[in-house]
Amino acid sequence: QVQLVESGGGLVQAGGYLRLSCATSGIIFSLNVMGWYRQAPGKQRELVASITSGGSTNYADSVKGRFTISRDNAKNTVYLQMNSLKPEDTAVYYCNTFYNPRSWGQGTQVTVSS
């Protein structure tokens with residue numbers, strides 16, 4: 001059974017930072033490309049960042065230079081360091097496998113106040 005458990009969200013002022021974590025189980029984590037996604041109210045879920053098993057990364061233009069995705073294959077965990085947060089980053093953040101996404105976890109709410 002696949003489990004994706006996101007944590008680390010919260011309320012932060014614009015310009016602040018947060019570090020999200022996603023603990024996984026039920027997948028061969030080290031072989032999977034992992035992604036962080038977000039869904040703002042009234043909008044579709046979008047890919048924010050992805051990381052290959054070897055550590056190569058890609059970012060949405062809207063977060064490039066501010067967010068950093070990383071992974072710890074020994075802990076089956078993927079992280080998202082978010083700096084210089086903006087109100088438009090407010091959303092529920094989810095992690096999932098990039099290819100053949102599994103059932104979504106509960107996500108973690110990030111709220112950035114202006």
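The model is predicted: local features need pLDDT of at least 70 and side-chain atom pairs count only at pLDDT 80 or more, while totals for chains, interfaces and linings use all residues. Residues are numbered from 1 along each chain as its sequence is written, and side-chain values use heavy atoms, with hydrogens and water left out.

A search of the whole structure turns up one disulfide (a pair of cysteine sulfur atoms within 2.5 Å). Its partners are Cys-22 and Cys-95, with their sulfur atoms 1.7 Å apart. The bond joins distant parts of the chain, since Cys-22 lies in strand S3 (residues 18-25) and Cys-95 in strand S9 (residues 91-97), 73 residues apart. Strands here are DSSP runs of E, at least two residues long, numbered from the N terminus. Cys-22 counts as buried because its relative accessibility is 0%, and Cys-95 is buried with a relative accessible area of 0%. Buried means under 20% relative accessible area, exposed over 50%, and partly exposed in between (1.4 Å probe, protein chains only).

The largest nonpolar core has 26 residues; such a core is a set of buried Ala, Val, Leu, Ile, Met, Phe, Trp, Tyr and Cys residues joined through side-chain atoms within 4.5 Å. Trp-36, Phe-67, Val-78, Leu-80, Met-82 and Tyr-93 touch the most other members. At least two residues of this core come from each of S3, S4 (34-39), S5 (46-51), S7 (67-72), S8 (77-82), S9 and S10 (108-113).

Val-2 sits in the segment before strand S1 (3-7). Val-2 is partly exposed because its relative accessible area is 32%. Leaving aside neighbours within four places in sequence, Val-2 is in contact (heavy atoms within 4.5 Å) with Ser-25, Gly-26, Ile-27 and Arg-102.

Key:
Helices (H or I, at least four residues) and strands (E, at least two) are DSSP runs, numbered from the N terminus.
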